[in-house]
Amino acid sequence: MPAHIAGILHATPPPVWLPYPEDVNALMPSLWPRSVAKNEAGELTIAGHRVTDLARDYGSPLYVLDAADLRHRAAGFVTSFQQAFAAIGTEAHAYYAAKSFLCTAVAEWVAAEGMGIDTCTLGELMVACQAGVDPQTVGLHGNNKSDEEIAFALDWGIGRIVVDSFDEIPRVAAAARARGVTAPVMLRVTVGVEAHTHDFIATAHEDQKFGLSLHSGDAFEAARRIAAEEHLDFRGLHSHIGSQIFESSGFDIAAARIIELRARILTELGVDLPEVDLGGGFGIRYTSQDTPLPFSEMAERLAAVVASACKATGAQLPVVSFEPGRAICGPAIFTLYTVGSTKVVDTGSGERLYIAVDGGMSDNIRTALYDADYSCTMANRRSESEPAVVRVVGKHCESGDIIVRDEYLPNDVTRGDLIAVPDTGAYCRSLSSNYNHVPRPGVLAVDGEQIGWVIRPETHADILAWDTGFAPAADPSETTSASAPAPTTGADAPCEERRSTTR
Ligand SMILES: *Cc1c(COP(=O)(O)O)cnc(C)c1O
């Protein structure tokens with residue numbers, strides 16, 4: 001019998017938001033991908049496949065992606081927003097935020113559901129390119145775009161570059177002129193709205209690195225300079241107010257301020273901007289405390305806001321675009337871990353069962369980085385033991401290496417059990433690291449009957465292969481060491497060529 005069963009006499013009190021479970025084996029369906037359930041033995045299943053089999057065949061830790069669930073969310077977002085904006089007399093477009101989680105399979109899937117892709121680095125651009133995404137449906141963001149990134153975007157024929165600073169305006173214009181093209185650009189505006197999980201702050205000032213300030217007049221001045229550039233096609237204004245937003249109220253103010261600026265640009269500069277992008281940040285449910293609006297409701301509220309803001313300025317309705325990331329991929333992936341060790345710890349206000357698994361902050365940094373809350377379930381068996389508030393931790397050399405801060409699990413969880421953590425699709429794999437020289441888990445996609453990697457797991461051989469040792473080049477003018485492969489070179493090679501060489 002594990003020593004801790006007798007140990008938990010006075011449990012640490014749970015956080016107020018965490019309800020005592022009626023059945024600690026049961027799943028809360030709203031936290032899991034659509035095809036996930038538990039069978040009679042208490043094993044978690046995805047599209048009928050038992051995760052015990054997946055862990056045995058594909059290893060652990062493992063990110064498990066429900067492909068149909070991801071496509072369903074993408075389609076649901078596109079349909080909801082298209083319908084709501086058609087009802088007010090305009091169009092809505094959605095760009096999937098690549099930074100939340102990108103691989104070629106996901107790029108293909110979201111594109112097939114009618115989404116564009118929002119990128120912010122050469123790496124993300126190259127994945128979208130390799131996936132065969134139409135460049136006209138791709139956008140490039142970033143507060144510090146390299147010449148190489150701008151060149152790649154223009155050579156590929158990107159749909160829009162979102163300008164983020166004054167110095168970028170002549171740089172993009174010069175790159176376009178050098179190619180004999182016109183670069184489609186939008187202007188990122190900071191509107192003084194900062195969204196937080198449960199509320200938002202509307203201010204005049206914003207002390208952060210993105211965009212150009214509406215309040216200071218920089219945004220209008222940037223618009224003037226863009227409009228004056230012959231090789232820039234000024235497409236519209238962009239605003240992104242934050243992430244994990246549950247209410248439409250933060251977007252209300254952002255939309256009103258952006259549409260007001262658009263009206264001023266029309267009257268004072270004579271430029272009629274066809275598009276407004278209100279960014280991403282649509283929240284998801286990580287635990288029972290999160291209450292996001294359904295896409296359809298959010299879409300209707302935002303359409304109403306845009307309609308009334310345009311009415312107030314007398315302006316024509318713009319095409320409106322959005323950039324959801326987390327809301328598309330977040331709930332579609334869960335992480336599967338194996339328990340290696342458990343420990344009862346005296347917290348000072350009671351005892352807590354610590355459950356250590358074979359991953360941690362290298363595959364999910366959000367708990368440590370953002371104080372995020374996650375949920376979890378025991379995934380390999382039913383238990384009739386009492387529920388206990390546990391903490392799921394990783395294997396890294398940090399006390400902050402926490403994956404799930406508070407959750408009820410059966411108090412007999414022990415070495416060899418499987419723990420599944422839902423809603424790890426966004427900003428987990430994409431923010432993962434090799435901390436402690438831990439290989440990053442692969443992403444295994446389940447699509448009904450079919451199972452296959454979309455990102456293969458790293459191995460210790462990969463980690464050793466990156467380590468060149470100190471092997472100076474014989475000729476000091478050679479910058480790369482003899483044993484290391486040459487870094488991939490610039491964006492001067494056309495995309496098609498790159499695609500054929502990298503496939
Ligand atoms: C991060 C980001 C998004 C996506 O945010 P989510 O919270 O994942 O929806 C969209 N647009 C921009 C500009 C971003 O920086």
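Two strands pair if DSSP finds at least two bridges between them. In this predicted model, strand β9 (residues 183-190) and strand β13 are joined by six bridges and run parallel.

**Strand β13 and its partners**

- Strand β13 spans residues 232-238, and five of its seven residues are buried, so the strand is largely enclosed by the rest of the structure.
- Within the pairing with β13, Arg-188 has His-238 as its bridge partner.
- Strand β14 (residues 275-277) also pairs with β13, in the parallel sense, through three bridges.
- Opposite Gly-236 stands Glu-275 of β14.
- In a regular strand, side chains alternate between the two faces of the sheet.

**Helices α8 and α9**

- Helix α8 covers residues 218-228 and helix α9 covers residues 249-269; their axes come within 11 Å and cross at roughly 45°.
- The two helices, α8 and α9, are therefore oblique to each other.
- The crossing of α8 and α9 is right-handed.
- On the α8 side, the contact is formed by Ala-219, Phe-220, Ala-223 and Arg-224.
- On the α9 side, Leu-261, Arg-264, Ile-265, Glu-268 and Leu-269 take part in the contact.
- Classified by residue type, the contact between α8 and α9 comprises six nonpolar and three charged residues, with no polar ones.

Notes:
Residues numbered from 1 in each chain as written. Predicted model: local features only at pLDDT ≥ 70, side-chain atom pairs only at ≥ 80, totals over all residues. Heavy atoms only, no water. Axes fitted to C-alpha atoms, helices over the stretch in contact; angles between N-to-C directions. Helix = DSSP H or I, 4+ residues; strand = E, 2+ residues; numbered from the N terminus. Parallel < 35°, antiparallel > 145°, perpendicular 65-115°, else oblique. Left-handed = near helix turned anticlockwise from the far one by under 90°. Contact = heavy atoms within 4.5 Å. Nonpolar A, V, L, I, M, F, W, Y, C, P; charged D, E, K, R; others polar. Buried < 20%, exposed > 50% of the residue type's maximum accessible area, 1.4 Å probe, protein only.
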